[in-house]
Amino acid sequence: SLDLALKPLLDRDPLTITRRDVAGIIDRKAKTAPVHANRMLAYLRAFFGWAVGRGHMIENPAEDISKPAPEVARDRTPTLAELAEIWTAAGALGYPFGLAVRAMITTAARREEVAAMRVAELEPRAEVGPKCWTLPAERSKNGRSIRVPLSSLSSATLMEALKARPKDTPLIFTTTGETPASGWSKAKARLDANIIAERKRRAAELGEEAEPLAPWRLHDLRRSFATLACD
């Protein structure tokens with residue numbers, strides 16, 4: 001996002017960049033991707049703030065520009081029953097996405113962190129699977145290395161993925177053998193379809209109408225983990 005935002009300004013003297021220049025870039029992006037424009041503005045504000053602090057600019061031209069689009073805070077927390085549905089539906093997806101979703105449920109890790117997990121990050125433990133996963137600082141959101149103890153369920157899930165992955169790849173979840181698993185939008189749609197199909201099947205057996213699936217995101221699994229772990 002920062003590279004894209006700065007592209008029209010690369011040939012400019014930093015001291016000549018104005019608030020109007022930055023607002024124009026943000027407004028153009030907001031016409032097609034308003035939330036992305038919000039992120040772009042945040043990146044520019046931080047970048048120009050750094051430039052001011054280093055003496056490359058006198059003032060931050062993004063400082064007083066308002067967000068082009070409102071955002072609604074998400075507070076969706078899948079219940080334990082919903083997690084069970086997601087777990088079962090993920091099983092039908094198989095490798096890599098189904099097992100990756102199960103790894104997210106049991107570790108509370110972010111999608112990108114799980115998707116790029118490497119064999120070398122796991123601490124082996126005889127025949128029963130890895131006992132710990134060390135997320136390196138360069139891949140963690142806070143820039144710090146994180147040691148994640150693995151439950152027996154997490155370990156079993158990762159063992160299954162290790163056996164299913166293409167041979168000779170350093171990645172645990174991959175669709176190509178060379179890059180982390182990608183295509184999450186389609187995988188999430190298939191996951192939701194599996195959940196809805198199972199709800200309809202159960203409802204039909206009882207002669208009832210199936211309840212709709214409330215919108216949710218993979219990131220919501222972290223909130224469920226935090227909530228249920230404290231109960």
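1. Some ground rules. Because this is a predicted model, local features need pLDDT of at least 70 and side-chain atom pairs count only at pLDDT 80 or more, while totals for chains, interfaces and linings use all residues. Residues are numbered from 1 along each chain as its sequence is written, and side-chain values use heavy atoms, with hydrogens and water left out.

2. Start with the largest nonpolar core, which has 34 residues. A nonpolar core here is a set of buried Ala, Val, Leu, Ile, Met, Phe, Trp, Tyr and Cys residues joined through side-chain atoms within 4.5 Å; buried means under 20% relative accessible area, exposed over 50%, and partly exposed in between (1.4 Å probe, protein chains only). The residues with the most contacts inside this core are Val101, Trp133, Phe173, Trp184, Leu191 and Leu221. Helices H4 (80–93), H5 (97–107), H6 (111–115), H7 (152–164) and H8 (184–206), plus strand S2 (132–135), each supply at least two residues of this core. Helices (H or I, at least four residues) and strands (E, at least two) are DSSP runs, numbered from the N terminus.

3. H5 deserves a look of its own. As 11 of its 11 residues are buried, H5 is largely enclosed by the rest of the structure. Among those buried residues are Arg102, Thr106 and Thr107. Just after H5, Ala108 takes a positive phi of about 65°.

4. Now Trp133, which sits in strand S2. Trp133 is buried, at 1% relative accessibility. Leaving aside neighbours within four places in sequence, its contacts (heavy atoms within 4.5 Å) include Thr107, Val114, Met117, Leu122, Arg139 and Ile146. Its side chain also makes a polar contact of 2.9 Å with the side chain of Glu121. A polar contact is a pair of N or O atoms within 3.5 Å; within protein, one must be able to donate a hydrogen and the other to accept it, and residues adjacent in sequence count only if both atoms are side-chain atoms.

5. What does the side chain of Asn38 reach? Asn38 lies in helix H3 (residues 34–53) and is buried, with a relative accessible area of 2%. Its side chain reaches the backbone oxygen of Ala69 at 2.8 Å.

6. There is a second, separate core of 17 residues, including Ile17, Val22, Phe48 and Ala51. Ile17, Phe48 and Ala51 also turn up in the lining of the second largest pocket, along with Leu6, Arg12, His56 and others. H3 gives the most to that lining, with four residues. By class, the lining has 10 nonpolar, one polar and one charged residues (Ala, Val, Leu, Ile, Met, Phe, Trp, Tyr, Cys and Pro count as nonpolar, Asp, Glu, Lys and Arg as charged, and the others, Gly among them, as polar). The space in this pocket is about 170 Å³.

7. On method: on a 1 Å grid over the protein atoms alone, a cavity is a set of points where a 1.4 Å probe fits but cannot get out, and a pocket is an open set with protein on both sides within 12 Å along at least five of seven lines; lining residues have an atom within 4 Å of a point. Grid points are joined across faces, edges and corners, and a volume is the space filled by probe spheres set on the points.

8. The largest cavity has a volume of about 30 Å³. Its lining includes Arg76, Glu82, Glu85, Ile195 and Trp216, and H4 provides the largest share, three residues. Five of the lining residues are nonpolar, none polar and three charged.
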